[in-house]
Amino acid sequence: MNIVLLGPPGAGKGTQAKRIQEMFSIPHIATGDILRDAVAKGSDLGQIANSYMEKGLLVPDEVVIGLIKERLAEPDTENGFLLDGFPRTLAQARALDKVMEQMGKKLDAVISIVVSEKEIIRRLTGRRVCKSCGRIYHLIFNPPKRAEFCDMCGEELYQREDDKVETVKKRLVVYNKETAALIRYYQAQDILIEVNGEESVEDVFKNIKEALEARV
Ligand code: ADP
Ligand code: AMP
C-alpha cells in the first residue's frame, strides 16, 4: 500500500501513522520529522528549514520535493510507504505523481483526517513529544503515566517550538491557503478516504483500518 495521510496540523496524522505502519509493515515517512532531525543536527538543510518552520511557514517546495525523492528511492519503500505531512501544496502533489509514475507505482489511498480548528488549537497547545523516541502525548487527552516523561523509554518530553498558540494559528492559515486544496485534488483521482478525526484514537484507527482493508 502506498498511502498519504492528509489533514491540518494536529489532526492526529502522526498518532495514526504509528498504528498504520505496524498494520501494513510499511515505513512511516514524515517530512516534519526529517526536517526537525536536520534542524537538530544543524546541517545546511536544517538551517534553511528552521527559518521557515519557526514562523509556521512551509519550507520551499523544491527543498521538500528533493528530500522526498531521495527517501522514496530507498529500498524499504519497495512494498509500500506511508507519507505524513507530504504533499502540502499542489506543486508537491504533482511532483509526487510524477515520481510515482517514474517508479512505475501509484498511490492507493489518501486518508484525510477531518478535525475542527477549535479542536486543533486544544490538541497542539497540549502536545508533548518524547525527545528520544518521538512518541506523541497530550497533557489531557493522552497523558504519560509520569508527568513530562515518556512511558516507553523514560526520556523527557518536550513541547515543539511551533506548537505555541500564535504559531499554531499561522500554521492553520497556511493549511487553509496551501494544503486544503489537495482534498479536491485527490477526490478527483478517486482515492480520497475521509475520516472523522474527532473520535477516540482507537476509533479513528478502526475507521481507517476498515476503509483501507476495503481497498486492498
Ligand atoms: P499531527 O501529526 O496531525 O500534527 P498528532 O498525531 O501529533 O497530529 O496529534 C496532535 C495532538 O493531538 C497530540 O498531542 C495527540 O496526542 C493528540 N491526539 C491525536 N489524536 C487524538 C484523538 N483522536 N483524540 C484526542 N487527542 C488526539
Ligand atoms: P509537521 O511535523 O508535519 O507538523 O511539520 C512541521 C513543519 O515542517 C511545518 O510547519 C513546515 O514548516 C515544515 N514541513 C513539513 N512538511 C512539509 C512539506 N511537505 N512542505 C513544506 N514544509 C513542510
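Rings of Phe, Tyr and Trp, the last by its six-membered ring, are taken as a pair if their centres lie within 6.5 Å. By this rule, the count for this structure comes to one aromatic pair. Keep in mind that this is a predicted model.

The pair is Tyr185 with Tyr186. Their ring centres are 5.1 Å apart and the planes stand at 85°, so the pair is edge-to-face, the cut-off for that class being over 60 degrees. Tyr185 is buried, and Tyr186 is buried too.

Helix α5, residues 90-102, and helix α8, residues 181-188, have axes that come within 10 Å and cross at roughly 30°. That makes α5 roughly parallel to α8, since angles under 35 degrees count as such. On the α5 side, the contact is made by Leu90, Ala93, Arg94, Leu96 and Asp97; on the α8 side, by Leu182, Tyr185 and Tyr186. By class, that contact has six nonpolar residues, two charged and no polar.

Next, the cores. In soluble globular proteins, nonpolar side chains tend to be buried together. Here the largest nonpolar core has 29 residues. Which of them have the most contacts inside it? They are Leu72, Leu83, Leu96, Leu107, Val110 and Tyr186. The elements giving two or more residues to this core are β1 (2-6), α3 (44-53), α4 (61-72), β3 (81-84), α5 and α8. Take Val110: neighbours within four places in sequence aside, Val110 is in contact with Val4, Leu6, Tyr186, Ile191, Leu192 and Ile193. There is also a second, separate core of 22 residues, which includes Met1, Leu172, Phe205 and Ile208.

Now one residue of α3. Tyr52 sits in that helix and, with a relative accessible area of 29%, is partly exposed. Not counting residues up to four places away in sequence, Tyr52 touches Leu57, Leu58, Val59 and Pro60.

Last, the backbone. Most residues other than glycine have a negative phi, and most peptide bonds are trans. Where does this model depart from that? Phe86 and Pro87 are joined by a cis peptide bond, with omega about 0°; Pro87 lies in the loop between β3 and α5. Ser25, not a glycine, has a positive phi near 50°. Ser25 is in the loop between α1 (13-24) and β2 (28-30), and counts as exposed at 64% relative accessibility. Asp190 has a positive phi as well, about 65°. Asp190 is in the loop between α8 and β8 (192-196), and at 60% relative accessibility is also exposed.

Key: Residues are numbered from 1 along each chain as its sequence is written. Chains are lettered from A and ligands numbered from 1 in the order in which they are written. This is a predicted model: local features need pLDDT of at least 70, side-chain atom pairs count only at pLDDT 80 or more; totals for chains, interfaces and linings use all residues. Side-chain values use heavy atoms; hydrogens and water are left out. Axes are lines fitted to C-alpha atoms, for helices over the stretch in contact, and angles run from 0 to 180 degrees between N-to-C directions. Helices (H or I, at least four residues) and strands (E, at least two) are DSSP runs, numbered from the N terminus. Angles under 35 degrees count as roughly parallel, over 145 as roughly antiparallel, 65 to 115 as roughly perpendicular and the rest as oblique. Contact means heavy atoms within 4.5 Å. Ala, Val, Leu, Ile, Met, Phe, Trp, Tyr, Cys and Pro count as nonpolar, Asp, Glu, Lys and Arg as charged, and the others, Gly among them, as polar. A nonpolar core is a set of buried Ala, Val, Leu, Ile, Met, Phe, Trp, Tyr and Cys residues joined through side-chain atoms within 4.5 Å. Buried means under 20% relative accessible area, exposed over 50%, partly exposed in between (1.4 Å probe, protein chains only). Rings of Phe, Tyr and Trp (its six-membered ring) pair if their centres lie within 6.5 Å; planes under 30 degrees apart count as stacked, over 60 as edge-to-face and the rest as tilted.
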